[in-house]
Amino acid sequence: VSCVLLTLSSSSRSQGCNPFAQTGRSKLQNKRASLNQQIIKQMRIRAGAENLLKATSNNKVKEMVLLELSYVNSNLQLLMGQLEGLNSSVDVYQNTQDTANIPLIALGLKETKEVDFSTHFKDFILQHYSEDGNSYEEEIADLMDLRQACRTPSRNDAGVELLAKYFSHLPLIESRFFSPTHHTGIFFTWYDSFTGVPVCQQNLSLEKASIFFNMAALYSQIGTRSDRQTITGLEEAIASFQIAAGTLNQLKETYTHTPSYDLSPAMLSMLIRLMLAQAQECLFEKIALPGIRNQFCPLMKMAQEAAKVTEIYDQVHQSMIQMPIKDNVPLFWSTMAQIKTNHYRSMAHFFVASALLDHQLGPNDDEDQQEKTLSQVYDNIPEGRTPLDILKKQDERQCVGKAHIRRAIQGHEEALRIYGLCPSLNSLELLHGILKASHQRSLNKYSENEKEDEFPDYTEAPDIVPKTEHKAEMEVPTTTKVKVADFFQRLGPLSVFSSKQRWTAPRTVRVKPEDRDVGFNLKGDAPVQVVSLDPLCPAAADGLKEGDYIVAVGETDCKWLGVTEVLRLLRDAKDEEIEMQVVTMMDSMSSKLTKKSSFLSWGLKNKLKSASTLSLPTDDHSGSLPWNKPCPTFPSSSSYNNDSALY
C-alpha cells in the first residue's frame, strides 16, 4: 500500500494509506464503515418505532409498528452477522509468505465519522480569544488532515507514529478549545469495533480512548503480518503483541468510563489475554524454529512450553465464553482459542510420548537429570508408579508413552471436530491442513508402537505441568506520546491563553515615557505582567491595571516575549508615545497572581530596587526625577538576559 508520512507544518499535510486502494485491509475497512452506517440507520428506525409504540394507543398503528420492528430487528441481525464475518477475516492480516503457521487474530481499527473543526474553532477563537478565526484556517486544516490520515494508518511504525502524533495533539486541543463550562458543539462519533453500534460524545475522552485502541489494534496487525518463518519476524511479532497488550492495559487503567463496549474493562481484559497468548505462541515457535533436538530432556522441555501456550489459550477461551463478552466477540475468535487449546495440549502430549517411546535410559545417560525432568513434568504421577520406574522399566515406559499419544490423538480429533462446526473457519485451509498433519503424525506414532497381541491398556496419561523460560509480558508502549508543536501556539502560552481562563478583550493603552519613566514595572515569563503601577502615571489614566498582561507593543505580538524583549520594544520608543495591547484576567484567581501595591509602597519599592530592576536612562541631572528615584545608567546587554527582571 502506498503510504506517506509528512511532517506537520504550514506547508505540508499528513496522510495515511489510501482508503480506496485495492488492498485486502482497505477493502475490509471500507466494508466495515459501510456496515456501520447501515447499522446506525436501522437503529434510528428502531428507536423511532419504539417511541411511536409507546406514544400511540391505536391498535392498528401498534400492529403496523410491531411488524416494522420485526423487519428492523431482522435487518440488524443480518448486519451484525456480516460485521462478525468481517471481524473473522483474519487472512487479510497474515503474512503473504506464511504457509506453515497457524493464523493469528488481529484487532480491526475502530471506525469514526469525519469531524469538521473549522466553523466551531473559528467562532471560539473570535469569542474567547478575540482574534480573527479566519487567520487560523491553515492550522485548522492541518489538524483536520492529521485526523483524517489517522482513519487509515499504514500498517508499520510510520502508522503508529501518525496515531501517536494525533494523540499527543489532543491534550493541547482540549486545553485550547474545550472549556468545562462551554460546549463547542463538536461531536465525535466512534463505532464499536465488534457490534458497529455508534457512540457519540462532545468531550475528547472517547476520541483519546479510541485512538489509543487503534494504536493497540495497529500493533496487533503488525504482529500478524510478521514473517514467522524467520527469527527476526518472530521477534517482531512477539514485541508487537506484547506492546499491544501493554497499550490495552494502559487504556483500561486510564479511561475507565468510556461508553463503547469494546473499551469496557471486561472486553479489554480479554483482549489483553489474547495478545499475550499470541505472543506466547510466537515464543514457542521461536524456540521450535531452529529444530527440536530429538533427545529426552529437550522434548520434555518443549512439552512444557506447549502446555504453557495451552494454559493461556484456555484462559482466553474461558473469558470469551463469559457473558456479556460472548454476545459481542465473533464466534470465530472463541473457536480459534478453543482449537489452539486442544492443538497445543496435543502437541505437549506428543512430545512427552516421543521422549518416552523413542529414547530408552542408557548407561551413558544422566539418570538423576532425567528423573528430575520427568518428575517436574507431572503434578500427579500415575498411581503406583514413580518417575524412576517409568524411566527404567520398559513396560511402564511404553504404557505411559502410549497413554500420552492417545491423549494427543484425542486432542487433535477434538480440534478437527471444532473446526468443522465453525463456518467461518472453512476458508482457512491452511489451519485445516496443519490440524490434519498433526493428527496424522500422532496416529503414525501410535501405530509404530502398537503390538497385535497386546491387551488394551486403559492407563490415563496425567496432565503436563505448563512451564516456560520466556513468559510473554506486557510492554509499556514508548510511542504513545511524541513531542509535537502546538498547531495554535500563535494564540499564546497555554498556561495563560487556554479555554479555562477568561479575560477581557484586548484594549489599547497609550504609553508616553516621562523622562524615560513609564510608571510601571514588568515581571514574569511570556506573557509579561504589569506590576507596581503608579496610579498617577499616564498609562494608568489610560486604563492600565496591575496584573494586566501585555499582548502587543506597537505592531509586535508580545504573547511569547519575555521581560527582556518587551523592555527592548519600549526602549526603542524613546520619548515618543507608543500603543500597547493589554488584557485583564476575569477569573477570581487572577487577582492572586499579583499582589497589588499601594501608592506609598510603590514609591518605597522603587527607592530600594535591586540590581535586577530596570529604568530607562535620562538626560535630567538636576535630581528632580519623579518618586525621588536614583538615576541609573541604561543597563548593559548582559542585563537583558535576566528575564525575571522588573521594568
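Where in the chain is the place of E207? It is in helix 6, residues 205–225. Keep in mind that this is a predicted model.

Let's stay with E207 for a moment. Is E207 buried or exposed? Its relative accessibility is 0%, so E207 counts as buried. What does E207 touch, leaving aside residues up to four places away in sequence? The partners are R147, Y166, L170, F188 and W190.

Now the whole chain. There are 647 residues, and buried ones make up 51% of them. The chain has 18 helices and eight strands. Take the contacts with a separation of 6 or more: 77% of them join residues 24 or more positions apart.

L104 sits in the loop between helix 2 (59–87) and helix 3 (118–129). L104 has a relative accessible area of 0%, so this residue is buried. Count along the sequence from L104 to S220 and you cover 116 residues. In space, the two are 9.2 Å apart, C-alpha to C-alpha.

Next, the largest pocket. Its volume is about 530 Å³. The lining has 24 residues, and the closest to the pocket centre are A100, F284, A288, M347 and R441. Which elements give two or more residues to this lining? They are helix 8 (265–288), helix 11 (331–358) and helix 15 (429–448). Helix 11 gives the largest share, seven residues.

Start with helix 11, and in it Q338. Q338 has 27% relative accessibility, so it counts as partly exposed. Q338 touches H317 and I418, again not counting residues up to four places away in sequence. Y313 is 25 residues from Q338 in sequence. Their C-alpha atoms are 7.3 Å apart in space.

Now helix 15. How many residues does helix 15 have? It has 20. From first C-alpha to last, helix 15 reaches 28 Å, close to the 28 Å expected at 1.5 Å a residue. Its buried residues are L431, I434, L435, S438, H439, S442 and K445. Turn to the face pointing away from the buried side of helix 15: it carries the exposed residues E429 and E448.

Last stop, helix 17, residues 563–572. Which residues of helix 17 are buried? V563, T564, V566, L567 and L570. Down the axis of helix 17, the buried residues fall within an arc of 165°, so they too line one face of their helix. What do they pack against? Three strands: strand 4 (521–523), strand 6 (549–553) and strand 8 (578–583).

To recap. E207 is in helix 6, and it counts as buried. The largest pocket takes the largest share of its lining from helix 11. The buried residues of helix 17 pack against strands 4, 6 and 8. And remember, the model is predicted.

Conventions
Residues numbered from 1 in each chain as written. Predicted model: local features only at pLDDT ≥ 70, side-chain atom pairs only at ≥ 80, totals over all residues. Heavy atoms only, no water. 1 Å grid on protein atoms, 1.4 Å probe; cavity = no way out; pocket = protein on both sides within 12 Å on 5 of 7 lines; lining within 4 Å. Points joined across faces, edges and corners; volume = space filled by probe spheres on them. Helix = DSSP H or I, 4+ residues; strand = E, 2+ residues; numbered from the N terminus. Expected span 1.5 Å × (residues − 1). Buried < 20%, exposed > 50% of the residue type's maximum accessible area, 1.4 Å probe, protein only. Contact = heavy atoms within 4.5 Å. Arc of directions from axis to C-beta.
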